[in-house]
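Look at the sequence and the structure below.

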Amino acid sequence: MKTLVAFYSLQGHTEKTARMISKFMKADLEIIKDTKPRGHLKIWQGGAFDEELRTPTKILPTTYNPSDYDIVIIGTPIWDGIAPAVKTYLKQNKFKKTAFFITFAAAAEDAAYQMEKLSKKPKAILELQDRQIQLGEHRKIIKNFCRKLR
Ligand SMILES: Cc1cc2nc3c(=O)[nH]c(=O)nc-3n(C[C@H](O)[C@H](O)[C@H](O)COP(=O)(O)O)c2cc1C
């Protein structure tokens, strides 16, 4: 099964998850890159940047064509919903099959449903709290998620 993992990450949690999934699934890895600088958001404490998070963004050209893959596993951090760069990636591409992984601090809310509306019904969904990744609890959870995808 030809598999692509595509993700956006600002602070590393979604990236760590993506790299582990791509290793377990022997998948190609696409880093979605926002054209807008987002470094200042690392000190986000809720509220202050809400308008910016809702504004659509452009992404840099991607390396892989998702429609060449049997399944694309797409990852986003929660930024009051799906990260803008991931929203753009979902809108710009067509997918045969999808799966989603979402990292968050408090709650993933309805992000998976929003991702599905922009792409395809996912084969599986992984929701991971950033704290679980920091504590090293993610490996087993990611393995189980990958098992569902095979
Ligand atoms: C700009 C910004 C907005 C965020 N908004 C939320 C939110 O609405 N709900 C939530 O649970 N976590 C929120 N978080 C926390 C991130 O979703 C969480 O730490 C995630 O794992 C970060 O992924 P990353 O390290 O791959 O960037 C926010 C973080 C940032 C930087």
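Helix H1 contributes the most to the shell around the ligand, with 3 residues. The model is predicted. The points below are grouped by topic.

**Ligand shell**

- The ligand is surrounded by 21 residues, and the closest are Ser9, Gln11, His13, Thr14 and Pro77.
- The elements that give two or more residues to this shell are H1 and strand E4 (98-104).
- By type, the shell divides into 12 nonpolar, 6 polar and 3 charged residues.

**Nonpolar core**

- In soluble globular proteins, nonpolar side chains tend to be buried together.
- The largest nonpolar core here has 38 residues. Val5, Ala6, Ile21, Ile73, Ile74 and Val86 have the most contacts inside it.
- At least two residues of this core come from each of strand E1 (3-7), H1, E3, H3, E4, H4, E5 and H6.
- Valine 5 is in contact with Ala18, Ile21, Ser22, Met25, Ala27, Leu29 and Ile73, if neighbours within four places in sequence are left aside.
- Alanine 6 belongs to strand E1. A residue is buried if 20 or more other C-beta atoms lie within 10 Å of its own; alanine 6 has 28 such neighbours and therefore counts as buried.
- Not counting residues up to four places away in sequence, alanine 6 touches Glu30, Ile32, Pro66, Val72, Ile74 and Tyr89.
- Alanine 6 and threonine 98 are 92 residues apart along the chain, and their C-alpha atoms are separated by 11 Å.

**Helix H6 (residues 138-149)**

- H6 has 12 residues, which at 1.5 Å a residue should span 16 Å. The C-alpha atoms at its ends are 17 Å apart, which agrees.
- The buried residues of H6 are His138, Ile142, Phe145 and Cys146. Seen down the helix axis, they fall within an arc of 100°, so they line one face of H6.
- These buried residues pack against helix H1 (13-25), strand E5 (122-129) and helix H5 (130-134).
- Lys140, Lys143, Asn144, Arg147 and Lys148 are exposed, on the face of H6 turned away from its buried side.

**Helix H4 (residues 111-118)**

- Ala111, Ala112 and Met115 are buried in H4. Viewed down the axis of H4, these residues lie within an arc of 100°, so they line one face of the helix.
- Strand E3 (71-77), helix H3 (84-92), E4 and E5 are what the buried residues of H4 pack against.
- Tyr113 and Lys117 are exposed on the other side of H4.

**Two loop residues with positive phi**

- Aspartate 80 is in the loop between E3 and H3. Its phi is near 55°, a positive value in a residue other than glycine.
- Aspartate 80 has 15 other C-beta atoms within 10 Å, so it is partly exposed.
- Glutamate 109 lies in the loop between E4 and H4. Glutamate 109 is not a glycine, although its phi is positive, at about 45°.
- Glutamate 109 counts as partly exposed because it has 15 C-beta neighbours inside 10 Å.

Technical notes: Residues numbered from 1 in each chain as written. Predicted model: local features only at pLDDT ≥ 70, side-chain atom pairs only at ≥ 80, totals over all residues. Helix = DSSP H or I, 4+ residues; strand = E, 2+ residues; numbered from the N terminus. Expected span 1.5 Å × (residues − 1). Buried ≥ 20, exposed ≤ 12 C-beta atoms within 10 Å, placed from the backbone. Arc of directions from axis to C-beta. Contact = placed C-beta atoms within 7 Å. Near = placed C-beta within 6 Å. Nonpolar A, V, L, I, M, F, W, Y, C, P; charged D, E, K, R; others polar. Core = buried A, V, L, I, M, F, W, Y, C linked by C-beta atoms within 7 Å.
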